[in-house]
Amino acid sequence: MWKLFFETCDFLCNFIPVGKWRRELRQNRLYDYRKKYRALRAAFPELNFRHTRMIKGGWNIGFIVDNRYVFKIRKFYDAASGAEKILREKRITDAFAAISPIQIPKIDIIETAGYTFYKYDFIPGKNLNTFSLKTISKNSWEWGRQLAEFINAVHNSRPAAIDDLRDRAGDGWNHNDICNNIIVDKHTMKIIGLIDWEYSGWGTLETEFRNCTQFSKKMAKSGIGIAIELEYHAIQKKNRAK
C-alpha cells in the first residue's frame, strides 16, 4: 500500500510547475524515498527488488525486499543523527537477543551512497494489531502470557553493554511500543517476533504496561492489557517463591 502511495505522489509531483516546490515536496512529504531506494538497489544488485513493499512509521521509512530482508532509514535523513539513532537501536537489540524469549531483529548497519540503513531478516507473520477485536480477545490470555514473559525477561535484566544508555528515571528496560509491533504466526497463532525498537529505553514498568495497548482501541478493548499485567505478576510471584 505505501509503495503505491509514494509512487503515485512522486508521479504527481512532475506536474508541479516550480522545481523548488517539487524538490521540497519530495523531501518533506516523501522523505526523498526514491533516492534512498535507488541507493539501496545499487548496494544490493543481487536482490530481487521487483517484489518490494514499503513501510512507514515513527521516525523511519523502510523497504521489505522479496520477503527476505527489511531495510529501514530515517525519514528526514541527517548522516550524523541518523547513524547515531540506528547504532543505538542496534546496541539495544544486540544486548537483548539472547535474553528475550521472543525473536527480535538482528540489525546490520549498511552504509551506502551517504546513507545509513539498518537491515534485518524479515519475520513472516501478521501484525497482532491487524487481527479483529474478536480474535485478539479470544487469544488475549495466551498472547498476554507470552508478552508478560517478554517484559519480565527484558525489563528486569541489566545488560552491562548498554548500561550507559540508562539516561532517564525508571526501574528497567522497555520496548516502549509493543502495541504496534507484535508479529504472530498465522498458522500457530503464537507470537514469533517483536520488531521496531526505535523508541526502546530505560523507563518504568507502568509505562511498558501502558504502551502495550494505548495506541490501539482494539488492543485496549480486548482485555489483553489486563492479561499481560496479571500474567506478569504471576511470574514475579513464582520467582519470589523459589
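**Entry 1: cysteines**

I looked up Cys 13 and recorded it as buried, at 2% relative accessibility. I applied these classes: buried is under 20% relative accessible area, exposed is over 50%, and partly exposed lies in between (1.4 Å probe, protein chains only). The structure is a predicted model, in which local features need pLDDT of at least 70 and side-chain atom pairs count only at pLDDT 80 or more, while totals for chains, interfaces and linings use all residues. Residues are numbered from 1 along each chain as its sequence is written, and side-chain values use heavy atoms, with hydrogens and water left out.

I then searched for disulfides, taken as pairs of cysteine sulfur atoms within 2.5 Å, and the count came to zero. Cys 9 is in no disulfide, and the nearest cysteine sulfur, that of Cys 13, is 7.1 Å away. I noted that this separation is too far for a bond. Cys 9 counts as partly exposed, at 23% relative accessibility.

**Entry 2: the largest nonpolar core**

I defined a nonpolar core as a set of buried Ala, Val, Leu, Ile, Met, Phe, Trp, Tyr and Cys residues joined through side-chain atoms within 4.5 Å. The largest such core has 33 residues, of which Ile 151 and Ile 182 touch the most other members. The elements that give two or more residues to this core are helices H4 (79-96), H6 (140-155), H7 (205-211) and H9 (224-241), with strands E8 (182-184) and E9 (191-194). I took helices (H or I, at least four residues) and strands (E, at least two) as DSSP runs, numbered from the N terminus. H6 supplies the largest share of this core, six residues.

I listed the contacts of Ile 182 (heavy atoms within 4.5 Å), leaving aside neighbours within four places in sequence; among them are Lys 126, Leu 147, Ile 191 and Met 219. Apart from this core lies another, of 22 residues, including Leu 40, Met 54, Ile 61 and Tyr 115.

**Entry 3: helix H6**

I checked the span of H6: its 16 residues reach 21 Å from first C-alpha to last, close to the 22 Å expected at 1.5 Å times one less than the number of residues. H6 is mostly covered, with 12 of its 16 residues buried. Among the buried residues are Trp 143, Leu 147, Phe 150, Ile 151 and Asn 152.

**Entry 4: Tyr 33**

I located Tyr 33 in helix H3 (residues 33-43). Tyr 33 is buried, with a relative accessible area of 4%. Leaving aside neighbours within four places in sequence, Tyr 33 is in contact with Phe 6, Glu 7, Asp 10, Met 54, Ile 61 and Phe 63.
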